[in-house]
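Me: I want to learn how to read pockets, sheets and single residues in a model. Please take me through one.

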Amino acid sequence: GTPVATNTFDISARGIGFYANKEFKLNSQVRISAAISNTENISFTASVVRLQLYKSAPVEYLVGSEIKNISDENKEKLKLFLQEINIYSLLDKINLDHVMDIHFMAGYPITLKKMGKLQTVGRVLDEYTIKNLLLNLLDDDGYARFMKFKDINFIITYKEKRLRFNMHLQQGKVEAICRIVNSKIPTTS
């Protein structure tokens, strides 16, 4: 049929969930082209495995699909993209000892504030990667609030630490500052 641009609400190595304005039949085949960077798309076919009435204007349905046919090259690109937008995979690669804040800014590597000094980690992340990494942390309600107010505060837990995020728009780009708070309350002897 006619190509339609839409947003996704979930993506994995097995499938993709997306918003739709029309009803899809279960097991119908769809061709999906997904952006994995500012300049690169991957394409594959998928089978519709779930359809849920959503009715949040202008979207009417949530559609879940399972990847059926994807080239080895696009499968590898998808795998790398998913690792890059997974906050837990990213945090596993960072030594968080003595880190107070983590800055997520488009066009820069992840920046750590450690003992009052700034230190960069990894490669420069483009606007698209940062946006997906951060928006991936929000549930539907959080996403709706962020889209309305362009700013949101929330907490996630990672190992024995709590990460308090302030996600916001800076010059039209999604960015965040994350304060690291130990989950364990220090005891006095």
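**Reading pockets and strands**

Me: How many residues of the lining of the largest pocket are nonpolar, polar and charged?
Reply: The lining divides into 22 nonpolar, ten polar and six charged residues. Here Ala, Val, Leu, Ile, Met, Phe, Trp, Tyr, Cys and Pro count as nonpolar, Asp, Glu, Lys and Arg as charged, and the others, Gly among them, as polar. One caution: this is a predicted model, where local features need pLDDT of at least 70, side-chain atom pairs count only at pLDDT 80 or more, and totals for chains, interfaces and linings use all residues. Residues are numbered from 1 along each chain as its sequence is written, and side-chain values use heavy atoms, with hydrogens and water left out.

Me: How is a pocket found?
Reply: Rolling a probe the size of a water molecule over the atoms shows where empty space is left. On a 1 Å grid over the protein atoms alone, a pocket is an open set of points where a 1.4 Å probe fits, with protein on both sides within 12 Å along at least five of seven lines. Lining residues have an atom within 4 Å of a point. Grid points are joined across faces, edges and corners, and a volume is the space filled by probe spheres set on the points.

Me: Which residues lie nearest the centre of the largest pocket?
Reply: Ala5, Thr6, Asn7, Thr8 and Phe18 do, out of 38 lining residues. The pocket holds about 1,300 Å³ of space.

Me: Which elements each supply at least two residues of that lining?
Reply: Strands E1 (8-11), E2 (15-20) and E3 (29-35) do, along with helices H3 (127-135) and H4 (140-149). E3 gives the largest share, seven residues. Helices (H or I, at least four residues) and strands (E, at least two) are DSSP runs, numbered from the N terminus. The protein has four helices and eleven strands.

Me: What lines the second largest pocket?
Reply: Its lining includes Leu80, Gln83, Glu84, Leu90 and Lys93. The space is about 250 Å³. Helix H1 (72-84) and strand E8 (117-125) each supply at least two lining residues. E8 has the largest share, four residues. By class, the lining has six nonpolar, two polar and three charged residues.

Me: Now the sheet. In what order do the six strands run?
Reply: The order is E8-E7-E6-E11-E10-E9, in an open sheet with antiparallel pairing. Two strands pair if DSSP finds at least two bridges between them. E8 and E9 (151-158) stand at the edges with a single partner strand each, so one side of each is left without a neighbour in the sheet. From one strand to the next, the twist averages 20°.

Me: How many bridges join E10 and E11?
Reply: Ten, in the antiparallel sense. Arginine 164 has arginine 179 in E11 as its bridge partner. Two residues lie between the strands of this hairpin, and glutamine 171 takes a positive phi near 50° there.

Me: Which residues of E11 stand opposite histidine 103 and isoleucine 102?
Reply: Isoleucine 177 faces histidine 103, and cysteine 178 faces isoleucine 102. E6 (residues 99-104) pairs with E11 (residues 173-182) over four bridges, in the antiparallel sense. In a regular strand the side chains alternate between the two faces of the sheet.

Me: Which strands does H4 lie across?
Reply: H4 lies across E9, E10 (161-170) and E11, at about 145° to E9. Axes are lines fitted to C-alpha atoms, for helices over the stretch in contact (heavy atoms within 4.5 Å). Angles run from 0 to 180 degrees between N-to-C directions.

Me: Why does tyrosine 54 count as partly exposed?
Reply: Buried means under 20% relative accessible area, exposed over 50%, partly exposed in between (1.4 Å probe, protein chains only). Tyrosine 54 is partly exposed because its relative accessible area is 28%. This residue is in strand E4 (residues 41-56). Among the residues that tyrosine 54 touches, leaving out those up to four places away in sequence, are Tyr19, Tyr61 and Asp140. Tyrosine 54 and tyrosine 19 are 35 residues apart in sequence and 8.7 Å apart in space, C-alpha to C-alpha.

Me: Where is asparagine 95?
Reply: Asparagine 95 is in the loop between helix H2 (87-92) and E6. Asparagine 95 counts as partly exposed because its relative accessibility is 46%.
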